[in-house]
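Colleague: Can you take me through this model? I'd like to start with the charged pairs.

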Amino acid sequence: MRLKDKVAVITGGASGFGEGMAKRFAEEGAKVVVADLNAKGAERVAGEIGDAALPVTADVSIKADIEAMVAATIERFGRIDVMVNNAGFTHRNQDMLTVDEPTFDLIGAVNMKAIYLTALAVVPIMREQGGGSIITTASTAGLRPRPGLTWYNASKGWAITATKSMAVELAPQKIRVNCLCPVAGETGMLAQFMGEDTPERRAQFRASIPLGRLSTPLDIANAALWLASDEAEFITGVALEVDGGRCI
């Protein structure tokens, strides 16, 4: 029970990596807030977890939604020990010049601005509590960019740099800040990353991963679990590659 009595808020918790984290954290004793723009999905995941989970509908790019999410968490569970910025958005794999401006803006809002908004809402609470853990789902795209995903890659590079800077600034308050860098995984966004979901395209992506497979929600959840736990109490500012060797 590595997260016994801890409260974790997970954005993008209704599917993919976020769903995996929510269920894995709950298995290890955490109270979990499953936050997602997909209300039905959040309710499903929370319902499968049980009384230890609270579903919250939230658009992470909107300040009022983030504030309401945090308020609901405090009202139900009384504290926030772990904030997981997992919600993400990407454009389809394509020429960088063909990505339209609304899509570019949405990538920035979900992958970048949301980290700022959750910090505004959560850091004061963690300071008052005497510490906490902030985890962001970044990507190998921010370290070893693939062609065709330029603006998504850039947003994840931003997330990695923000993680490291936040870690330094918040260390005196015992707030640890880390990020995960998954390789392409078995989630609903996979087709976007690949451009098309075909056996040939999957084989091409797997061929770039030394361990020979894509990531899974459980892979990412186990890494997040460790970063959130007291076992990682001396770990901050890390961009942890969960990638089967992709970034070597």
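Modeller: First the rule: a salt bridge here is a side-chain nitrogen of Lys or Arg within 4 Å of a carboxyl oxygen of Asp or Glu. This is a predicted model, in which local features need pLDDT of at least 70 and side-chain atom pairs count only at pLDDT 80 or more, while totals for chains, interfaces and linings use all residues. Residues are numbered from 1 along each chain as its sequence is written, and side-chain values use heavy atoms, with hydrogens and water left out.

Colleague: How many salt bridges does that rule give?

Modeller: The count comes to 13 salt bridges. One of them joins Arg2 and Glu231, with the closest N and O atoms 3.5 Å apart.

Colleague: Where do Arg2 and Glu231 lie?

Modeller: Arg2 is in the segment before strand 1 (7-11) and Glu231 in the loop between helix 8 and strand 7, so the pair ties together parts that are 229 residues apart in sequence. Helices (H or I, at least four residues) and strands (E, at least two) are DSSP runs, numbered from the N terminus.

Colleague: Which residues are in a network with Arg2?

Modeller: Salt bridges link Arg2, Arg24, Glu27, Glu28 and Glu231 in a network.

Colleague: What does Asp230 pair with?

Modeller: Asp230 forms a salt bridge with Lys6, and the closest N and O atoms are 3.3 Å apart. Asp230 sits in the loop between helix 8 and strand 7 and Lys6 in the segment before strand 1, so this pair too links distant parts of the chain, 224 residues apart.

Colleague: Is Lys6 buried or exposed?

Modeller: Lys6 is buried, with a relative accessible area of 17%. Asp230 counts as exposed at 51%. The cut-offs are under 20% relative accessible area for buried, over 50% for exposed and in between for partly exposed (1.4 Å probe, protein chains only).

Colleague: Now Arg44. Which side chain does Arg44 meet in a salt bridge?

Modeller: That of Glu19, at 3.0 Å, N to O. Arg44 lies in helix 2 (residues 39-49) and Glu19 in helix 1, so parts 25 residues apart in sequence are tied together by the pair. Arg44 is partly exposed, with a relative accessible area of 36%, and Glu19 is buried, at 15%.

Colleague: What does Glu48 touch?

Modeller: Glu48, which lies in helix 2, touches Glu19 and Lys23, not counting residues up to four places away in sequence. Contact means heavy atoms within 4.5 Å. The side chains of Glu48 and Lys23 also make a polar contact at 2.6 Å. A polar contact is a pair of N or O atoms within 3.5 Å; within protein, one must be able to donate a hydrogen and the other to accept it, and residues adjacent in sequence count only if both atoms are side-chain atoms.

Colleague: Which backbone oxygen lies 3.1 Å from a polar atom of the Arg246 side chain?

Modeller: The backbone oxygen of Arg144. Leaving aside neighbours within four places in sequence, the contacts of Arg246 include Thr140, Arg144, Pro145 and Ser208.

Colleague: And helix 8, which residues are buried there?

Modeller: Ile220, Ala221, Ala223, Ala224, Leu225, Leu227 and Ala228. What covers them includes helix 1 (16-27), strand 4 (82-85), strand 5 (132-137), strand 6 (175-182) and strand 7 (239-242).

Colleague: Last topic, rings. How many aromatic pairs are there?

Modeller: The count comes to one aromatic pair. The rings of Phe104 and Trp151 have centres 5.7 Å apart and planes at 85°, so the pair is edge-to-face. The rule takes rings of Phe, Tyr and Trp (its six-membered ring) with centres within 6.5 Å; planes under 30 degrees apart count as stacked, over 60 as edge-to-face and the rest as tilted.

Colleague: Where are Phe104 and Trp151?

Modeller: Phe104 is in helix 4 (residues 101-129) and Trp151 in helix 5 (residues 150-170), 47 residues apart. Phe104 is partly exposed at 42%, and Trp151 is partly exposed at 26%.
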